[in-house]
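Please consult the sequence and the model below before reading on.

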Amino acid sequence: FQDYLKNTLICLNYITNNTLKKYTIIIKGESKFKDVDGGSGSIMLALGILSALYNKTIDENVKATGTINPDCSIGSVLGVKEKLVGIE
């Protein structure tokens, strides 16, 4: 997860013109599921940070999954069936 987090913060710094460098960001998370790991939460993490930074609410109907790659592109989504079960 560390690599995905690093990619997310690098890309957010890029799109916010380095605004994030002014802040200390503490990320704490828990999962109800064992053995859940990876960067699929990168997109929602990025949206959450931007939401806090710009004091904007994310509509509760927004659902997103996917990684953020080092070049700031969105990666492929794996484990779609498992994620749908988790959402239920």
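Of the 88 residues in the protein, 24% count as buried, where buried means under 20% relative accessible area, exposed over 50%, and partly exposed in between (1.4 Å probe, protein chains only). The model is predicted, so that local features need pLDDT of at least 70 and side-chain atom pairs count only at pLDDT 80 or more, while totals for chains, interfaces and linings use all residues. Residues are numbered from 1 along each chain as its sequence is written, and side-chain values use heavy atoms, with hydrogens and water left out.

## Overall architecture

The secondary structure comprises three helices and zero strands, and the pattern along the sequence is α-α-α. Helices (H or I, at least four residues) and strands (E, at least two) are DSSP runs, numbered from the N terminus. Contact denotes heavy atoms within 4.5 Å. Among contacts between residues at least 6 apart in sequence, 60% join residues at least 24 apart. The protein exposes about 7,100 Å², of which carbon and sulfur atoms supply 55%; accessible areas come from the Shrake-Rupley method with a 1.4 Å probe, and for residues only the protein chains shown count as cover.

## Helices α1 and α2

The expected span of a helix is 1.5 Å times one less than its number of residues. The 14 residues of α1 should span 20 Å at 1.5 Å a residue, and the end C-alpha atoms of α1 are 20 Å apart, which agrees. Helix α2 has 13 residues and reaches 18 Å from its first C-alpha to its last, close to the 18 Å expected at 1.5 Å a residue.

An α-helix has 3.6 residues a turn, so residues three or four places apart point the same way. Just after α1, Asn17 takes a positive phi of about 55°; just after α2, Asn55 takes a positive phi of about 55°.

## The nonpolar core

Which residues make up the largest nonpolar core? It consists of ten residues in all: Leu5, Cys11, Leu12, Leu20, Ile43, Leu45, Ala46, Ile49, Leu53 and Ile68. The elements that give two or more residues to this core are α1 (2-15) and α2, and α2 gives the most, with five residues. A nonpolar core is a set of buried Ala, Val, Leu, Ile, Met, Phe, Trp, Tyr and Cys residues joined through side-chain atoms within 4.5 Å.

## Selected residues

The table lists relative accessibility for selected residues.

| Residue | Relative accessibility | Class |
|---|---|---|
| Leu5 | 16% | buried |
| Thr16 | 5% | buried |
| Ile27 | 36% | partly exposed |
| Thr67 | 11% | buried |

Leu5 is found in helix α1. Leaving aside neighbours within four places in sequence, Leu5 is in contact with Ile27 and Leu45. The C-alpha atoms of Leu5 and Gly39 are separated by 7.4 Å, although these residues are 34 residues apart along the chain.

Thr16 lies in the loop between α1 and α2. With neighbours within four places in sequence left aside, Thr16 is in contact with Leu50, Leu53 and Tyr54. Leu53, in helix α2, touches Thr16, Thr19, Leu20 and Tyr23, not counting residues up to four places away in sequence. The C-alpha atoms of Leu53 and Tyr23, 30 residues apart along the chain, are separated by 9.4 Å.

Ile27 is placed in the loop between α1 and α2. A nonpolar surface patch of about 260 Å² is made by Tyr23, Ile25 and Ile27. Patches are made of residues with over 30% relative accessible area and no salt bridge, like charges being joined within 9 Å and nonpolar side chains (Val, Leu, Ile, Met, Phe, Trp, Tyr) within 5 Å; a salt bridge is a side-chain nitrogen of Lys or Arg within 4 Å of a carboxyl oxygen of Asp or Glu.

Thr67 lies in the loop between α2 (42-54) and α3 (80-87). Not counting residues up to four places away in sequence, Thr67 touches Tyr4, Gly39, Ser40, Ser42, Ile43, Ser73, Ile74, Gly75 and Ser76.
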